[in-house]
Each structure stands twice: as structure tokens, then as C-alpha cells.
Amino acid sequence: MSLPSRAEVVVVGAGLAGLSVATRLVAAGRDVHVVDAAAAPGGRLSTTRIDGFLVDRGFQVLNTGYPRVADLDLPALDLGFFWTGAVLRVDGRAHRVVDPRRHPTTVVDTLRAPLGGPLREAALGAFSARAGYLPVPRLLSAPERSAEESLRRAGVGEQALEAFLRPFLAGVLLEDALETSSRYLDLVWRSFVRGRVGLPAAGMQSIGSQLAVRLPAGQLHLGVRVTAVDGGSVRTEAGTTDADAVVVATDPGTAAALVPGLDAAAPRQVTTHLHVLPASPWPSPLIVLGQPGGQLVNTVVVSDAQPAYSPDGRALVASSTLAPTREADVRSEIARAHDVAEADLEHLTSVTVTGAQPAATPPLQHRRPVDLGGGLFVCGDHRDTPSIQGAMASGARTARAVLRRLGGSAPVAGEGR
Ligand SMILES: Cc1cc2nc3c(=O)[nH]c(=O)nc-3n(C[C@H](O)[C@H](O)[C@H](O)COP(=O)(O)OP(=O)(O)OC[C@H]3O[C@@H](n4cnc5c(N)ncnc54)[C@H](O)[C@@H]3O)c2cc1C
């Protein structure tokens with residue numbers, strides 16, 4: 001159905017931010033139309049099927065510790081979970097580092113892992129307890145440093161930092177200098193302490209699909225590129241729609257192009273190589289970390305956590321690098337990480353995602369303005385934090401702002417951090 005010539009609200013972008021705004025406004029009884037240039041909702045969370053395997057566009061996971069997960073129907077996503085922790089290799093030997101609260105039988109493995117000894121591991125435990133259980137306002141008012149400096153001050157030690165924390169966090173923050181704000185590190189670490197990470201049975205795109213079906217029929221317009229916006233109208237290749245409020249919920253680069261003067265960018269990128277193995281080499285669903293000096297940030301048998309990603313029980317492996325790499329550059333490193341023969345790795349596809357995430361360097365600006373005035377609003381992960389949580393929280397915050405402008409009350413829950 002084509003866009004009407006008039007709507008109360010037009011949301012540009014059907015990623016998690018745009019869908020979060022739109023579903024909240026619909027729940028508040030507003031007439032909302034959502035426009036997206038892509039063929040499916042979900043934005044950066046997109047999934048395709050290749051040779052029967054579910055392939056997300058870059059390795060990504062849903063963390064159930066995110067406050068805004070409350071907006072999702074988690075049982076319907078049918079998540080398959082990773083264990084909280086990682087495998088690290090030192091001198092060729094694999095060591096499991098696992099959250100002992102969830103998997104008590106692994107405690108001996110974790111104590112024996114080369115993390116610098118019991119005092120260092122206790123420091124990491126104290127860091128986790130602080131991030132996991134202090135109130136968020138306390139975390140956000142703590143002195144702000146780089147993530148690396150914060151970890152060093154916490155006393156985690158050189159070994160744990162280099163063998164475990166740096167590669168683990170590089171996979172989350174998409175940067176390995178650990179220049180990210182300590183405040184964002186606290187929020188991210190909190191979500192790991194409080195939640196579990198998993199993959200939906202139908203792939204990461206199904207998170208967006210789940211929100212999109214909450215929109216009334218005919219109010220999501222896919223395959224329509226917006227070329228210009230202001231507070232009272234949206235121009236597309238197919239025509240112009242007038243509106244009382246316009247929400248720009250695109251990726252940061254497009255937002256900056258549509259809204260002159262907007263400070264928004266997503267400098268983080270990642271390259272992910274997908275391989276198939278005849279079977280998983282691992283007994284438990286854990287991310288395997290890259291080693292110092294290597295190119296891999298991590299490599300992971302995603303079908304160990306979510307068997308539905310494989311059509312036939314073979315193992316689907318996702319391996320990520322921060323710098324763009326070719327499959328041939330990292331093939332032997334992937335084989336070594338999993339202790340399998342290179343010949344067993346069947347290459348499925350590779351993808352480089354530029355503009356994967358905004359940076360969250362100090363000073364963390366996790367509540368950037370969303371109401372630009374005159375009926376124009378902007379939301380997305382670049383307004384809050386570079387994550388699913390940030391996108392959805394920004395959507396919640398923007399929905400409030402739009403309702404304030406339209407003059408109505410709304411069933412809008414707190415956005416959380
Ligand atoms: C490889 C990768 C790994 C990640 N890993 C994780 C992870 O493990 N955990 C996590 O929490 N986060 C992760 N993220 C980040 C997370 O995916 C994003 O923060 C979040 O999805 C951003 O949502 P958004 O709605 O703000 O933007 P987007 O998802 O970018 O949505 C913007 C939408 O706008 C549309 N659009 C753009 N231009 C136009 C136009 N001119 N007209 C109409 N529509 C337009 C796009 O098609 C898109 O649908 C990862 C991201 C990537 C790429």
C-alpha cells in the first residue's frame with residue numbers, strides 16, 4: 001500500500017529504534033506510518049538463508065540483561081543461549097572461563113585458566129559485582145575513563161586483560177584499544193552479569209519482525225527510500241507525505257545526511273566469515289576468543305547455541321575481525337582456534353559491515369537530544385548507546401517526546417539504560 005498524502009506521524013526507518021517509537025505511538029492510539037528503504041524490517045539486524053543455514057549480517061547476539069528486552073516477547077523468539085564466558089587459547093591449549101553462578105561445574109576450569117591467579121580473578125569478580133548490582137545512576141556518575149584504564153584500576157591484571165578481556169570486549173565494542181567510555185563498559189558488563197546472550201530460532205532479524213507485526217496492516221512501507229525530511233513532511237521517491245511529527249530513525253550516516261548539522265556517525269566496522277564444519281568440536285556453547293597478535297576477535301560455533309541455524313546438524317561457525325579481511329587471511333587461524341583441520345572448513349560467505357555501530361568514547365553521550373524542534377525528531381543507537389538496548393531505549397525516549405508535542409498521554413514504560 002502506498003504512503004498516504006497525510007499522516008499524524010511518519011517514522012523513517014524500521015530498525016529497532018524506529019519500530020520501538022512506532023509501536024509505542026500505535027499503542028497510544030496514534031496514526032503512524034513507518035517507511036524503510038529495505039525490503040524487510042529490522043535494520044542492522046538482518047538474516048538471510050544460505051544453503052539452508054541462517055546467516056545473520058555479522059555475528060550479533062541478543063542480551064537478555066538489556067532493560068528494553070522487556071518490550072519483546074522472548075518466549076516467541078525461542079532463544080538458544082551461549083554460556084556466559086569464553087574459551088581462550090594460551091600456548092595452543094584451550095581454557096574455559098565461565099560465569100560460575102550459572103555453570104558451577106566449570107569453576108575449576110575457570111580457576112585454572114591463565115588469568116593471573118586467584119587475586120586477579122577476585123578483582124574481576126568484584127568488578128562484575130559492582131557493574132551488575134550498583135544502581136545505574138551510581139555507575140553513570142562514577143569518574144569517567146577509558147575502558148582499559150577502568151579495568152586496570154579494578155586490578156584485573158595484565159594477563160586477564162590481554163588474553164580474556166581485550167578480545168572479549170573487542171567483539172562487543174568493535175574496537176580493541178578499549179578507548180570506549182568506562183561508563184558504557186559498566187552498562188555492557190552489567191547486562192552480561194544480569195542476563196544471558198542468545199540467538200532467536202529464526203535469526204536476529206526476527207527481533208525486528210516481532211515488533212513490526214504490532215503495526216496496523218498497511219502502515220509499514222518497505223522498499224521506499226526517503227530523500228528529504230522536515231518537521232512537517234517526508235519526501236520519498238514516490239511522493240510527499242505531510243505529518244504533524246516526523247521521526248528520523250535511520251542509521252547514523254543517513255540521519256546526518258537527512259538532518260543537516262546532526263552529529264551522528266557509526267565508525268565501528270566488522271568483517272565476519274561464515275564456515276561450515278561437519279560437527280561442532282566443542283562440548284559447550286562458548287565463544288572462542290582471538291589470540292594476541294592474531295587477526296580474529298572471536299570465532300564461534302553459533303549452531304551450538306542455536307541449533308536452528310543449521311539445517312542438518314553440521315556446525316555453523318562465525319569468525320570476526322575488526323579490520324577487513326579475506327577468508328584466506330584468517331582460515332588457518334580459525335582452524336587453529338577450533339583445533340580442526342583447515343580442509344574441514346567449508347566457506348559459506350563473508351560480509352564486511354561498515355557503519356556497524358557508533359563509538360561510545362568519553363564523554364559518553366547516552367541521552368543526546370531527540371526532539372529537534374518544529375515537529376522533527378531523531379532516534380537510533382547514535383542517540384543513546386551503540387546496541388540493541390540503545391536503539392530501543394532511544395525509541396522509547398523519542399515516543400515520549402513525540403507524544404509531548406502531539407499533546408497526549410501514553411502507556412510508555414521507562415526506557416532504562
Ligand atoms: C555486525 C553487527 C554486530 C552487532 N552486534 C551487536 C550485538 O551483539 N548486540 C547489540 O546489542 N548490538 C549489536 N549491534 C548493534 C545493533 O545492531 C544496532 O545498534 C541496532 O540494531 C541499531 O538499530 P537502529 O534502529 O538504531 O538503526 P538501524 O538498524 O540501522 O535501522 C535504520 C533503518 O533505517 C533504514 N533507512 C536508512 N536510510 C533510509 C532512507 N533514506 N529511507 C528509508 N529508510 C532508511 C534502514 O534500511 C534501516 O532499516 C551490531 C551491529 C552490527 C552491524
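Four elements, α1 (16–27), β2 (32–36), β18 (346–357) and α13 (388–406), each supply at least two residues of the shell around the ligand; helices (H or I, at least four residues) and strands (E, at least two) are DSSP runs numbered from the N terminus. β18 gives the most, with three residues. The model is predicted: local features need pLDDT of at least 70, side-chain atom pairs count only at pLDDT 80 or more, and totals for chains, interfaces and linings use all residues. Residues are numbered from 1 along each chain as its sequence is written, and side-chain values use heavy atoms, with hydrogens and water left out.

In total, 36 residues surround the ligand, where near means that a heavy atom of the residue lies within 4 Å. The closest are Asp36, Arg44, Tyr66, Asp381 and Ile388. By class, the shell has 19 nonpolar, eleven polar and six charged residues. Nonpolar covers Ala, Val, Leu, Ile, Met, Phe, Trp, Tyr, Cys and Pro; charged covers Asp, Glu, Lys and Arg; the others, Gly among them, are polar.

Domain 1 (6–45 + 204–265 + 368–406) and domain 2 (47–97 + 196–201 + 268–357) both give residues to this shell, so the ligand shell lies between them. The domain bounds come from an automatic or database domain assignment.

| Residue | Protein atom | Ligand atom | Distance |
|---|---|---|---|
| Glutamine 60 | polar side-chain atom | oxygen | 3.5 Å |
| Valine 226 | polar backbone atom | nitrogen | 2.9 Å |
| Isoleucine 388 | polar backbone atom | oxygen | 2.8 Å |

Taken alone the ligand exposes 1000 Å², and the protein buries 93% of that, by the Shrake-Rupley method with a 1.4 Å probe.

Technical notes:
A polar contact is a pair of N or O atoms within 3.5 Å; within protein, one must be able to donate a hydrogen and the other to accept it, and residues adjacent in sequence count only if both atoms are side-chain atoms.
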